[in-house]
Amino acid sequence: MYDLADTIIAHTPVGAGVGIHLGTSREGRPIRGFRLGFGPLRVSLIGGCHADEPVGPRFLARLAAYLGSLPPGHELLTDYEWWIVPHI
């Protein structure tokens with residue numbers, strides 16, 4: 001388990017301007033996210049809901065990069081459909 005976490009953390013996070021445009025914040029900023037995988041089980045992860053908790057968005061950006069680097073047949077992509085919004 002810790003090996004996988006270390007692998008995810010080692011990935012360079014995806015950039016802020018990358019991903020799917022999901023909407024706009026009240027301040028007019030774009031809300032971007034990532035859809036990865038095509039499995040029957042859906043996982044929704046949202047970070048950055050509280051400004052004083054910076055670890056969540058950073059980890060989710062790295063998780064999106066990690067999942068994006070996997071081969072298409074990997075079980076994390078065939079078993080799950082991931083919706084990741086690193087920062088709201």
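I looked up Arg29 and found its side chain in a salt bridge with that of Glu27, at 3.3 Å from N to O. I count a salt bridge when a side-chain nitrogen of Lys or Arg lies within 4 Å of a carboxyl oxygen of Asp or Glu. The model is predicted, so I note that local features need pLDDT of at least 70, side-chain atom pairs count only at pLDDT 80 or more, and totals for chains, interfaces and linings use all residues. Residues are numbered from 1 along each chain as its sequence is written, and side-chain values use heavy atoms, with hydrogens and water left out.

Arg29 and Glu27 are both exposed. My terms here are buried for under 20% relative accessible area, exposed for over 50%, and partly exposed in between (1.4 Å probe, protein chains only).

I then searched the whole structure and got three salt bridges.

Next entry: Glu81. I found Glu81 in a salt bridge with Arg35, with 3.1 Å between the closest N and O atoms. Glu81 sits in strand β4 (residues 80-85) and Arg35 in strand β2 (residues 30-37), so this pair ties together parts 46 residues apart in sequence. Helices (H or I, at least four residues) and strands (E, at least two) are DSSP runs, numbered from the N terminus. Glu81 is buried, at 9% relative accessible area, while Arg35 is partly exposed at 41%.

I also found Arg42 in a salt bridge with Glu81, again listed with closest N and O atoms 3.1 Å apart. Arg42 belongs to strand β3 (residues 41-46) and Glu81 to strand β4, so the pair ties together parts 39 residues apart in sequence. Arg42 is exposed, with 63% relative accessible area. Shared partners join Arg35, Arg42 and Glu81 into one network of salt bridges.

I checked Ile8 for contacts (heavy atoms within 4.5 Å). Leaving out residues up to four places away in sequence, Ile8 touches Phe59, Arg62, Leu63 and Tyr66.
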